[in-house]
Amino acid sequence: TIDDFPELNSQSDTFSGLAVEPGGVAWLGSTILLRGSGGLIRLDAESGTYSMMTYEGGWPLPGKFVSPLAATPDGRLWMKYDTDYFTAQRGLCWYDGTNTGVFPAPPGGGPQWGGLPHAQIDDCEVRLIPNGYELWMSCKSRGIAVLSVVYPSACVADTNGDGVLSPADFNSWIVAFNNNAPECDQNGDGQCTPADFNSWVVNFNAGC
C-alpha cells in the first residue's frame with residue numbers, strides 16, 4: 001500500500017502503472033504530490049526491499065510522472081510519461097538502467113498517424129517475434145498502436161529467436177517456409193523460396 005513507502009503520502013498519492021520482471025521484481029509509478037513530482041519504485045518481492053527514483057531527485061526519465069507498462073526481454077522498462085496540462089512533454093519512453101529512449105506524443109494531442117497516436121495508453125501487451133518483440137498499445141480515442149523492436153545483433157539463422165543457433169532453428173525455418181513468414185527469407189530477396197534453405201545453411205554454418 002501507499003503507507004508501505006515513507007516517501008509517499010496516503011492522503012494524496014497514488015500508484016500509477018505496474019510492470020513485472022522475471023525473478024520477482026515489480027516496477028510501480030507513483031505521484032509525490034506534496035513535492036509536485038512523481039516517483040518510480042523498483043520493488044524486489046523476494047527480499048521485500050525497494051529503491052525509488054524521483055523527478056526532483058534528477059531521474060534520467062522524461063516528464064515529471066511515469067506509469068510502467070511492460071518489462072521486455074531486452075531489459076527495458078517501458079512507461080508512459082507525463083508532466084502537466086500546460087506542457088507537451090508526454091508520450092512513451094523506455095529505461096534500461098542506464099539509457100533512456102523517448103517516443104513523444106503529438107503536441108497538443110493532435111492525430112499523429114505513423115507515430116505514437118496518443119499519450120494516454122490504457123494497456124500494453126508484449127508479443128514476442130523472432131529476434132525481437134512488439135508492443136501492442138491501446139491509445140485512448142485513437143485505436144491500437146504497435147511498436148516493433150528488433151534486436152540489433154540478431155542472427156538471421158536464429159529462426160526461433162532464442163539467441164542460440166541450434167537444430168531447433170531448422171524446424172522453425174520449416175514452419176516459417178510453410179507459412180510464408182518473413183523469417184523464411186534468408187537471402188533477403190523479399191520472397192520465401194527453396195533458395196532460402198541454402199541461404200539458411202550458409203548463415204547457420206557461418207554463425208550469423
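Let me start with Trp59, which counts as buried at 8% relative accessibility. By buried I mean under 20% relative accessible area, with exposed being over 50% and partly exposed in between, using a 1.4 Å probe and protein chains only. Before going on, a word on the source: this is a predicted model, where local features need pLDDT of at least 70 and side-chain atom pairs count only at pLDDT 80 or more, while totals for chains, interfaces and linings use all residues. Residues are numbered from 1 along each chain as its sequence is written, and side-chain values use heavy atoms, with hydrogens and water left out.

Back to Trp59 and its partner. The rings of Tyr55 and Trp59 have their centres 6.5 Å apart and their planes at 75°, so this pair is edge-to-face. Here is the rule for rings: those of Phe, Tyr and Trp (its six-membered ring) pair if their centres lie within 6.5 Å, and planes under 30 degrees apart count as stacked, over 60 as edge-to-face and the rest as tilted. Tyr55, at 37% relative accessibility, is partly exposed. Over the whole structure, the search finds nine aromatic pairs.

Another of these pairs is Trp173 with Phe197. Their ring centres are 5.7 Å apart and the planes sit at 55°, so we call the pair tilted. Trp173 belongs to helix H1 (residues 168–178) and Phe197 to helix H2 (residues 195–206), so the pair ties together parts that are 24 residues apart in sequence. Helices (H or I, at least four residues) and strands (E, at least two) are DSSP runs, by the way, numbered from the N terminus. So is Trp173 buried or exposed? It is buried, at 3% relative accessibility, whereas Phe197 is partly exposed at 31%. If you have the structure open, look for the cluster that ring pairs make from Phe170, Trp173, Phe177, Phe197, Trp200 and Phe204.

Now to the charges. Side chains of opposite charge can pair when their charged atoms come close. How many salt bridges does a search of the whole structure find? The count is five, where a salt bridge is a side-chain nitrogen of Lys or Arg within 4 Å of a carboxyl oxygen of Asp or Glu.

Take Arg35 and Glu56, whose closest N and O atoms are 2.7 Å apart in their salt bridge. This pair links distant parts of the chain, 21 residues apart: Arg35 is in the loop between strand E2 (25–32) and strand E3 (37–44), and Glu56 is in the loop between strand E4 (49–54) and strand E5 (65–71). Arg35 is partly exposed at 41% relative accessibility, and Glu56 is partly exposed at 42%.

Arg76 has two things to show us. Its side chain meets that of Asp74 in a salt bridge, at 3.5 Å from N to O. Arg76 also lies over the face of Trp94, 3.9 Å from the ring centre; for that label, NZ of Lys or CZ of Arg must be within 6 Å of the ring centre and within 35 degrees of the ring normal. Arg76 counts as partly exposed at 22%, and Asp74 does too, at 28%.

Then there is Asp82, in strand E6 (residues 77–82). Its side chain forms a salt bridge with that of Arg90, at 2.9 Å from N to O. Leaving aside neighbours within four places in sequence, Asp82 is in contact (heavy atoms within 4.5 Å) with Gly63, Lys64, Phe65, Gln89 and Arg90. Asp82 is partly exposed, with a relative accessible area of 33%.

Strand E1 (residues 15–21) and E2 pair in the antiparallel sense over six bridges; two strands pair if DSSP finds at least two bridges between them. Across this pairing, Ala19 stands opposite Trp27 and Phe15 opposite Ser30. The two strands form a hairpin with three residues between them, and Gly23 in the turn has a positive phi of about 90°.

E2 also pairs with E3, antiparallel over eight bridges, and there Ala26 stands opposite Leu43. That hairpin has four residues between its strands, with Gly36 in the turn at a positive phi of about 65°.

And which residues of E2 are buried on each side? Val25, Trp27, Gly29 and Thr31 are buried on one side, and Ala26, Leu28, Ser30 and Ile32 on the other.
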